[in-house]
Amino acid sequence: MIKVIVGYRVKDGADIQPVLLKIRANAMQYSGFVGAETLVRRKDGTVIIVITTWESVKDWREWDSSNIKKGLLREMRELLEDEPRVTTYSVKPTVRWV
């Protein structure tokens, strides 16, 4: 299982919530999608983090390279200060800390 963290810097006053909802609704239709959560910086709301969980890297890559996702990102670009930052992590069992 993997977690994908996407960070967005939104232009002041821009509302990307409708596009984020479209992205999530479409991602849910892809094989391997497990879930997602959205975090918004409390201070001013211009930083948004979306954390998605996928069964495998292969599943994530299929969604990431889809024409649907690319089209939604084009729709979102005018609302962003810069390109989204994407980081992937493997989910590992919790280890005992000594």
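**From one tryptophan to the whole fold**

Tryptophan 54 is part of strand 3. The model discussed here is a predicted one. Is tryptophan 54 buried or exposed? With a relative accessible area of 0%, tryptophan 54 falls under the 20% limit and is therefore buried. Once neighbours within four places in sequence are set aside, its contacts are Met1, Ile2, Val4, Ala27, Tyr30, Ser31, Gly32, Phe33, Val34, Asp59, Trp60 and Trp63. Alanine 36, which is 18 residues away along the chain, has its C-alpha atom 9.2 Å from that of tryptophan 54.

One of the contacts of tryptophan 54 is Trp60, a residue of helix 2. Tryptophan 60 has a relative accessible area of 7%, so this residue too is classed as buried. Beyond four places in sequence, tryptophan 60 touches Ile2, Val4, Trp54, Lys69, Val86 and Thr88. Between tryptophan 60 and valine 4 there are 8.2 Å from C-alpha to C-alpha, and the two are 56 residues apart in sequence.

In soluble globular proteins, nonpolar side chains tend to be buried together. Here the largest nonpolar core has 22 residues, and the members that touch the most others are Tyr8, Ile16, Trp54 and Met76. Which elements give two or more residues to this core? They are strand 1 (2-9), helix 1 (17-27), strand 3 (47-54), helix 2 (57-64) and helix 3 (67-77).

The next topic is open space. Rolling a probe the size of a water molecule over the atoms shows where empty space is left. In this model the largest pocket holds about 250 Å³. Its lining consists of 19 residues, and those nearest the centre are Leu20, Ile23, Arg24, Val50 and Thr52. By type, the lining residues are 14 nonpolar, three polar and two charged. Which element supplies the largest share of the lining? Helix 1 does, with six residues. At least two lining residues also come from each of strand 1, strand 2 (33-40), strand 3, helix 2 and helix 3.

Aspartate 12 sits in the loop between strand 1 and helix 1. Its relative accessibility is 71%, over the 50% limit, and aspartate 12 therefore counts as exposed. Leucine 80 is 68 residues away from aspartate 12 in sequence, with 9.0 Å between their C-alpha atoms.

Glutamate 81 belongs to the loop between helix 3 and strand 4 (85-90). Where does its accessibility place glutamate 81? At 44%, the value lies between the 20% and 50% limits, so glutamate 81 is partly exposed. Residues up to four places away in sequence aside, glutamate 81 touches Arg9, Val10, Lys11 and Asp12. The C-alpha atoms of glutamate 81 and valine 10 are 5.6 Å apart, although 71 residues separate the two along the chain.

The chain as a whole can now be described. The protein has three helices and four strands, and along the sequence they follow the order β-α-β-β-α-α-β. Of the contacts with a separation of 6 or more, 70% join residues 24 or more positions apart. Buried residues account for 33% of the 98 residues. The accessible surface is about 6,900 Å², with 51% of it belonging to carbon and sulfur atoms. Along the principal axes, the C-alpha atoms fill a box of roughly 45 × 35 × 20 Å.

Conventions. Residues numbered from 1 in each chain as written. Predicted model: local features only at pLDDT ≥ 70, side-chain atom pairs only at ≥ 80, totals over all residues. Heavy atoms only, no water. Core = buried A, V, L, I, M, F, W, Y, C linked by side-chain atoms within 4.5 Å. Buried < 20%, exposed > 50% of the residue type's maximum accessible area, 1.4 Å probe, protein only. 1 Å grid on protein atoms, 1.4 Å probe; cavity = no way out; pocket = protein on both sides within 12 Å on 5 of 7 lines; lining within 4 Å. Points joined across faces, edges and corners; volume = space filled by probe spheres on them. Nonpolar A, V, L, I, M, F, W, Y, C, P; charged D, E, K, R; others polar. Contact = heavy atoms within 4.5 Å. Areas by Shrake-Rupley, 256 points an atom, 1.4 Å probe, with all protein chains shown as cover.
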